[in-house]
Amino acid sequence: RGGTQLKTPRPVIVVDTREQNPFDFSRFEGWFSGVERKALKLGDYSISGLEDVCVVERKDLSDLVRSFTTERKVFVDRLRQMACWPHKLLVITAALSQIKSAYPYSAAKPNQITQSLMAVLAGLQVPFLCTETHELGEELLASYLYQVHLYQWLEANGYGSCLTDGDL
């Protein structure tokens, strides 16, 4: 920034203890100083020290379908809570084409699930990200969490949080 190279601290990723199939962030040790498992108030992932401003919920396809059908009320309530947080993301470890295809394990209609996602995006302004694989989900979530940490650190240390030419 402005010709000055900044040395930022590496954050710690927080993984909720209830996360059933947690991401493995060991490939990203250059970005993070560690991974901590503890119960989060909301969501599956956050950054240590930023748990009250950053929340990430992760769903695989069968969990997403179940969450929008049999567990709809609980899931929508959780999404409403997420909507109040400055940094929130729903990560789905399935391609959008899979969400739009028939589910052999459920009578749910693909359009019902897709329209629910669009309602979450438009109505609650909770963004979602579909990834084709669990590993790609790990990488994109690691990048997202690092960027949230970076911009929070820049703002807290008087550098501002706007993008500059060299940021992208």
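What pattern does the chain follow, read along the sequence? The pattern is β-β-β-β-α-α-β-α-α-β-α, with helices (H or I, at least four residues) and strands (E, at least two) taken as DSSP runs numbered from the N terminus.

This is a predicted model, in which local features need pLDDT of at least 70, side-chain atom pairs count only at pLDDT 80 or more, and totals for chains, interfaces and linings use all residues. Residues are numbered from 1 along each chain as its sequence is written, and side-chain values use heavy atoms, leaving out hydrogens and water.

Start with the whole chain. Its C-alpha trace spans about 55 × 30 × 25 Å along the principal axes. Of its 168 residues, 42% count as buried (under 20% relative accessible area; exposed is over 50%, partly exposed in between; 1.4 Å probe, protein chains only).

Next, select Arg27 and Glu138. Their side chains meet in a salt bridge at 3.3 Å, N to O (a side-chain nitrogen of Lys or Arg within 4 Å of a carboxyl oxygen of Asp or Glu). Arg27 lies in the loop between strand S1 (12-15) and strand S2 (34-37) and Glu138 in helix H5 (residues 134-156), so the pair ties together parts 111 residues apart in sequence. Arg27 is partly exposed at 47%, whereas Glu138 is buried at 7%.

Then select Glu57, which is buried at 3% relative accessible area. Glu57 forms a salt bridge with Lys59, with the closest N and O atoms 3.4 Å apart; Lys59 is buried at 4%.
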